[in-house]
Amino acid sequence: LVEAIRDAVGPDVEIFIEMHGRFNPVTAIALTNALTPFRPGWIEEPVPPENLRALQKVAQAVAPLGIPVATGERLHTSYEYRELFELQAADIVQADVTHFGGMLAMKKLAAWADAYYILMAPHNVCGPVGTAAALHIAASTTNFKIQEHFNDFADAWVKEAVTGMVEVDPADGCFPLPNGPGLGVTLNEAFVAEHPPKDAFFDLFAENWHQRRGAAGDNSAQSAKAEAENG
């Protein structure tokens, strides 16, 4: 799959490898070595997030390959990040504004990470409100790298939850900032009420999980290509 994506997007698009905490250090290191010819932009959460010394082991092993390590979507307190920074166990932090205490907490974390020469790539698989908040953080953060964006891969109606949300510019793959007051978007509360939350279980170990199909029927290679292009 990675080879097919690299062939499809060419040499100038970054491809990020989501490992989602599935592996032990030895396996993660072996996989990263095998993927090196395709020049991944990072490996993400190569080991389970609760063992930062195991992550440190991976980071030290793959550093000579020139492949960064990203993590943080499942770290929710400053105490966890303290250990991550002191161990120098990652190059890129992926905290989520909706999980980490809001915009002020994220700005404090970004400044703290900057002192360790660590970049920010905010996690974001929320709807458009979370995306709008993440964009404001990104635009005001000096050590920002790239913004995760999943609204294009969610159910088609998700974007209708707000008005005023900006779209990725297909010419350069970048977001403009929302230009309204506050976050720049207005919540459509009646529409949200028509789509109440539903229970769901995201099984990362299901058979052929990596070949899952999205809401629009895109296969995994197409979705991964788009994610790589949009960050």
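This is a predicted model: local features need pLDDT of at least 70, side-chain atom pairs count only at pLDDT 80 or more; totals for chains, interfaces and linings use all residues.
Which residues form a nonpolar patch on the surface, and with about how much accessible area together?

Residues are numbered from 1 along each chain as its sequence is written, and side-chain values use heavy atoms, with hydrogens and water left out.

The patch consists of Val129, Leu187 and Val192, which together have about 210 Å² of accessible area. Patches here are made of residues with over 30% relative accessible area and no salt bridge, with like charges joined within 9 Å and nonpolar side chains (Val, Leu, Ile, Met, Phe, Trp, Tyr) within 5 Å; the areas come from the Shrake-Rupley method with a 1.4 Å probe, and for residues only the protein chains shown count as cover. Leu187 is found in strand S7, residues 186-187, where helices (H or I, at least four residues) and strands (E, at least two) are DSSP runs numbered from the N terminus. Leu187 counts as partly exposed because its relative accessibility is 44%, given that buried means under 20% relative accessible area, exposed over 50%, and partly exposed in between, with a 1.4 Å probe and protein chains only.

Now to the inside. In soluble globular proteins, nonpolar side chains tend to be buried together. Here the largest nonpolar core has 37 residues, and those with the most contacts inside it are Ile43, Tyr81, Leu84, Phe85, Val93 and Leu109. The elements that give two or more residues to this core are helices H1 (2-9), H2 (25-35), H3 (52-62), H4 (78-87), H5 and H6, and the largest share, 6 residues, comes from H3. By nonpolar core I mean a set of buried Ala, Val, Leu, Ile, Met, Phe, Trp, Tyr and Cys residues joined through side-chain atoms within 4.5 Å.

Thr71, for its part, lies in strand S3, residues 69-71, and is buried, with a relative accessible area of 3%. Leaving aside neighbours within four places, the contacts of Thr71 include Glu45, Leu55, Leu84 and Val93.

What span should the 12 residues of H6 cover, and how far apart are its end C-alpha atoms? The expected span, taken as 1.5 Å times one less than the number of residues, is 16 Å for residues 128-139, and the end C-alpha atoms are 16 Å apart, which agrees. H6 is mostly covered, with 10 of its 12 residues buried, and those buried residues pack against helix H5 (103-114) and strand S6 (162-163).

Finally, the charged pairs. The structure holds 5 salt bridges, each being a side-chain nitrogen of Lys or Arg within 4 Å of a carboxyl oxygen of Asp or Glu. In one of them, Glu45 pairs with Arg74, the closest N and O atoms being 2.7 Å apart. That pair links distant parts of the chain, 29 residues apart, with Glu45 in the loop between strand S2 (42-44) and H3, and Arg74 in the loop between S3 and H4. Glu45 is buried, at a relative accessible area of 2%, whereas Arg74 is partly exposed, at 32%. Around this pair sits His20, which contacts Glu45 and Arg74 among other residues and is itself buried, with a relative accessible area of 13%.

A second salt bridge joins Arg82 and Glu86, with 2.8 Å between the closest N and O atoms. Both residues lie in helix H4, 4 residues apart, about one turn of the helix. An α-helix has 3.6 residues a turn, so residues three or four places apart point the same way. Arg82 is partly exposed, at 38% relative accessible area, and Glu86 also counts as partly exposed, at 49%.

Key: Contact means heavy atoms within 4.5 Å.
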